[in-house]
Amino acid sequence: MSSIELSQINRGAGPHFQPAFTKNVRIGIASLVVILALLAVTFDWPFAYIGVIQPFMLTAGLVAVSAIVDVPFRLFWPKLVMFATLLLAALSAWLAWYSGGAWISQEGADQVWKTVSTGLVGVIIGAGVWNAPYRNFSSKIASIPMMFIVLFAFIGCSLWTISYSFSDAKTFPLFNNFVGLKQYYRLFGADVWWTACKNAAIYLIFVTSIEFVLGFVIAVFMDQKIRAEGVFRTIYLYPFALSFIVTGHVWAWILSPEYGLEKSMRQLGWTSFSFDWLVNVDRSIYAVVIAAVWQGTGLVMALMLAGLRGIDDDIWKAARVDGIPKWRTYIQIVLPMMRPVLITTFVIVASGCVRVYDIVVALTDGGPGTSSKVPAQYVYQYLFQGGIGQGLAASTVMLLTSAVILTPWIYVEFVKNRQVR
Amino acid sequence: MKYKSMAAAFAATVSMAFTGAAHATDLEVTHWWTSGGEAAAVAEFAKAFDATGNKWVDGAIAGSGDVARPIIISRILGGNPMGATQLNPGHDADELIKAGLMTDLTDVAKAGKWDEILRPKSQLASCTVDGKVWCVPVNLHSAQWMWTNRKVFTDAGIEPPKNINDLIAAAPKLKEMGIQPLSLAQGWAVRLLVNDLIIAFAGVDNYVKVMKDRDVELAASPEFTKVFQQIGEARALVDVKQITKQWNEAVGLVINGKAASNVMGDWAGGEFQVAKMVAGKDYDCLPGLGLAPALDTGGDVFYFPLNKDPAVHAAQLKMAETLLMPEVQVAFNLKKGSLPMRPDVDLSAANDCMKKGLDILDHSKVSLPSDRQMLDADSLTQIGDLLTDFFSKPDMKPEDVQAKFVDVIKNAPKM
């Protein structure tokens with residue numbers, strides 16, 4: 001938006017100022033909204049649900065409004081929303097802290113929270129509705145889902161997770177007591193958590209590196225203009241069509257010493273053959289790696305192949321003219337040129353590694369003992385079995401770890417490069 | 001015009017939310033009784049409730065309680081409660097009760113004289129919060145049983161064990177024959193086994209003192225160090241490579257003779273029955289692992305989430321009453337393999353193990369609450385993690401485990 005446009009908007013009545021509704025309709029809609037809000041508060045409707053729903057409904061209100069508010073208001077709403085959110089967050093924390101005290105009861109605290117949040121939402125909604133029906137009304141309506149997802153799912157829920165990890169919430173997502181870093185002390189004192197972290201690291205390192213090397217090599221082979229390439233591509237890609245759960249169960253049979261590979265090798269006559277990784281405390285996570293690599297390599301291959309096909313034929317001709325051997329061309333010329341594809345692939349594979357859960361559940365269920373547990377399993381276990389605070393602390397640590405890994409890359413890719421350009 | 005109709009549609013959508021759907025006296029009941037015998041048992045409840053003129057709408061959730069519990073609790077929290085739901089006695093629902101989301105059953109309980117009839121007293125006590133009754137206990141399950149396959153021992157030329165110590169003594173010979181002395185399942189089964197071992201080695205009183213009264217000094221004492229050492233020795237009974245994923249697979253190993261014994265609750269008896277084995281002849285059941293013949297009193301209870309519709313409320317109270325009627329109790333518990341809540345019913349059709357259990361229940365002086373009645377779910381999960389670790393790592397020292405165990409007990413919230 002150019003500065004000229006902005007100044008016109010600020011004056012409130014530019015030449016292209018065309019209300020979509022007449023004033024009467026606007027008054028009608030605004031009063032309808034106010035009546036609905038009053039009704040809702042009277043019948044206790046938005047507050048009939050406990051703890052967790054309230055912030056979500058609040059976000060929903062903010063999003064709906066921020067999407068339909070019109071231009072003059074749009075310049076002002078980010079600050080208002082930020083201010084409102086901060087105020088509410090501070091108020092919630094303050095009330096949560098003191099509601100256990102004698103001078104304000106739980107009900108009193110709820111009432112204050114309710115009144116203030118309703119008031120804020122009311123102000124924003126009222127202003128929004130009043131200003132809404134100017135320009136671009138339909139595009140604003142259309143962008144509601146996107147804004148809702150961003151504000152609610154990514155930002156709202158992350159903030160909610162972090163804040164509740166400082167509580168002692170058990171079965172309920174209720175912020176009853178602020179306990180500081182207690183959940184984190186407990187988390188880092190738990191052997192199982194460290195086992196899970198170690199396993200996640202092993203899984204990440206092995207799965208990414210093996211899938212990258214294998215996927216690239218297969219892609220190079222496929223790139224040799226072989227016959228029936230489509231058939232091979234389909235075969236390699238097929239495992240990816242299976243879910244992690246199916247993969248896990250299939251490999252549980254294959255790797256089981258009682259029924260699978262070990263047994264069939266012994267029946268074939270190799271009686272000393274032993275392959276018990278699945279039930280071996282020191283090896284079980286590597287059994288998971290095997291299954292994951294089988295499932296995921298096809299995708300890496302397909303992405304790499306697409307990258308290889310994107311290399312200009314002239315590069316190859318030039319390399320041939322210079323007499324560079326084929327393998328060196330691949331490694332020293334083609335590979336660096338595939339940087340965007342490599343980064344995309346890495347992000348896809350690595351994020352899959354961080355959140356790994358279902359394949360472990362299906363294959364080993366974290367066992368034997370706790371030897372193949374992963375962080376996501378730890379989170380799930382506590383989140384749904386009466387230890388919400390602990391589960392959220394663990395997921396906050398997972399979030400932070402991913403952020404720590406990704407931030408330098410984001411900085412280099414987006415911030416630094418832009419500065420150079 | 002276009003906008004007007006949109007606004008009208010918006011208003012209509014919003015106002016929809018205010019009109020609550022009207023229910024007749026259909027009650028949706030959620031539970032996780034989905035195996036053959038369990039489904040047959042629950043059908044008895046449904047039949048009895050339908051006979052009162054209401055309608056039982058079955059809402060079975062496949063999977064174990066660990067799967068069903070989060071679904072049930074989040075439905076109640078989300079403002080979409082079912083008519084009634086199964087849960088385990090204990091503190092799962094405490095927070096729901098405190099949040100005012102459950103129906104108060106005190107009047108039904110008083111009218112039915114529950115406090116006089118039901119035994120043991122601990123069951124009703126764990127349904128009682130602030131002097132009011134919130135749930136209906138429907139049956140009793142106990143977790144302190146060792147199941148042994150007699151044939152495995154006679155084949156090995158050993159007298160079938162009378163207690164866990166006999167089994168430890170027989171272990172080397174069994175291992176020589178390629179038989180796992182004690183089968184074990186992943187997850188909560190490990191916690192169950194270790195609880196039973198603590199009860200067997202430390203005694204019921206000490207166990208309750210630690211778990212319920214939070215006697216941290218006792219838990220940290222040399223006496224308990226010895227108990228943990230004994231548990232450490234018991235690790236040798238289990239082949240880590242044969243730990244199964246489900247409890248019934250571990251029981252299956254005993255049934256087909258690949259393992260000599262298993263420690264599991266009385267629900268394992270159903271598996272032996274399905275395999276057409278006879279108690280006392282083909283298999284033995286040893287309450288309290290043969291050393292401490294005391295049984296805890298877990299089981300199942302029904303909660304009724306609060307509903308504003310008076311018709312539903314009345315149906316809920318009717319159902320609470322129905323579940324404890326003598327004939328309903330007999331029909332349900334015989335199919336479930338559990339013990340009935342009231343002693344004044346006819347149980348001549350029960351098998352040997354059930355009779356053993358009834359005998360202990362009626363004559364034993366010791367009362368042993370289930371672990372869910374003594375500790376919160378969060379602490380139990382922590383203990384479960386710790387013990388699973390202990391059992392799968394032969395080099396883990398009993399003293400270290402004890403120190404961490406004491407830590408969990410110390411930090412567990414008061415009940």
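# Reading a predicted two-chain model

Tutor: Of the 421 residues of chain A, 31% count as buried. This is a predicted model. Chain A holds 20 helices and 0 strands.

Student: What share of contacts in chain A join residues at least 24 apart, among those between residues at least 6 apart in sequence?

Tutor: That share is 73%.

Student: How do I read a helix pair? At what angle do the axes of H10 and H19 of chain A cross?

Tutor: Look at the two axes, then at the residues between them. Helix H10 (residues 191–222) and helix H19 (residues 375–383) of chain A cross at roughly 145°, and their axes come within 8 Å. From H10(A), the contact uses Val192(A), Trp193(A), Ala196(A), Cys197(A) and Ala200(A). From H19(A), Pro375(A), Gln377(A) and Tyr378(A) take part. By type, this contact has 7 nonpolar residues, 1 polar and no charged.

Student: Now a sheet. What is the strand order of the open sheet of 5 strands in chain B?

Tutor: Read the order across the sheet. Here it is S2-S1-S3-S11-S6, and the pairing is mixed. Strand S2 (55–60) and strand S6 (135–141) of chain B are the edges, each pairing on one side only. From one strand to the next, the twist averages 20°.

Student: How many bridges join S1 to S2 in chain B?

Tutor: There are 6 bridges between strand S1 (residues 26–31) of chain B and S2(B), and the two run parallel. To find one of them, take Asp26(B): its bridge partner in S2(B) is Lys55(B).

Student: Which helix packs on this sheet?

Tutor: Helix H16 (residues 310–323) of chain B does. It touches S1, strand S3 (84–87), S6 and strand S11 (298–303) of chain B. The direction of H16 makes about 55° with that of S1(B).

Student: And side chains along a strand?

Tutor: In a regular strand, side chains alternate between the two faces of the sheet. Now turn to strand S9 (residues 259–264) of chain B.

Student: Is S9(B) mostly covered or mostly open?

Tutor: Mostly covered: 6 of its 6 residues are buried. Strand S7 (residues 145–149) of chain B pairs with S9(B) in the antiparallel sense, over 4 bridges. There, Trp145(B) stands opposite Met264(B). Strand S8 (residues 180–183) of chain B also pairs with S9(B), in the parallel sense over 3 bridges. In that pairing, Ser183(B) has Asn262(B) as its bridge partner.

Student: What about backbone angles?

Tutor: Most residues other than glycine have a negative phi. Lys113(B) has a positive phi, near 55°. Lys276(B) also has a positive phi, about 60°.

Student: Why does Lys276(B) count as exposed?

Tutor: Count neighbours. Lys276(B) counts as exposed because it has 7 C-beta neighbours inside 10 Å, and the cut-off is 12 or fewer. Lys113(B) is exposed too, with 9 other C-beta atoms within 10 Å.

Student: Is Ser348(B) buried or exposed?

Tutor: Exposed, because 5 other C-beta atoms lie within 10 Å of it. Ser348(B) is in the loop between helix H17 (326–336) and helix H18 (352–363) of chain B. Leu334(B) is 14 residues from Ser348(B) in sequence, and their C-alpha atoms are 9.9 Å apart.

Student: Last, confidence. What is the mean pLDDT of chain B?

Tutor: It is 84, and 94% of the residues of chain B reach 70 or more. The model scores ipTM 0.73 and pTM 0.73.

Student: Where in chain B does pLDDT stay under 50?

Tutor: Over residues 1–23 of chain B. The model has 12 contacts beyond four places in sequence for that stretch. Where pLDDT is low, the predicted coordinates should not be read in detail.

Technical notes: Residues numbered from 1 in each chain as written. Chains lettered and ligands numbered in written order. Predicted model: local features only at pLDDT ≥ 70, side-chain atom pairs only at ≥ 80, totals over all residues. Axes fitted to C-alpha atoms, helices over the stretch in contact; angles between N-to-C directions. Contact = placed C-beta atoms within 7 Å. Nonpolar A, V, L, I, M, F, W, Y, C, P; charged D, E, K, R; others polar. Pairing = 2+ DSSP bridges. Buried ≥ 20, exposed ≤ 12 C-beta atoms within 10 Å, placed from the backbone. pLDDT = per-residue confidence, 0-100.
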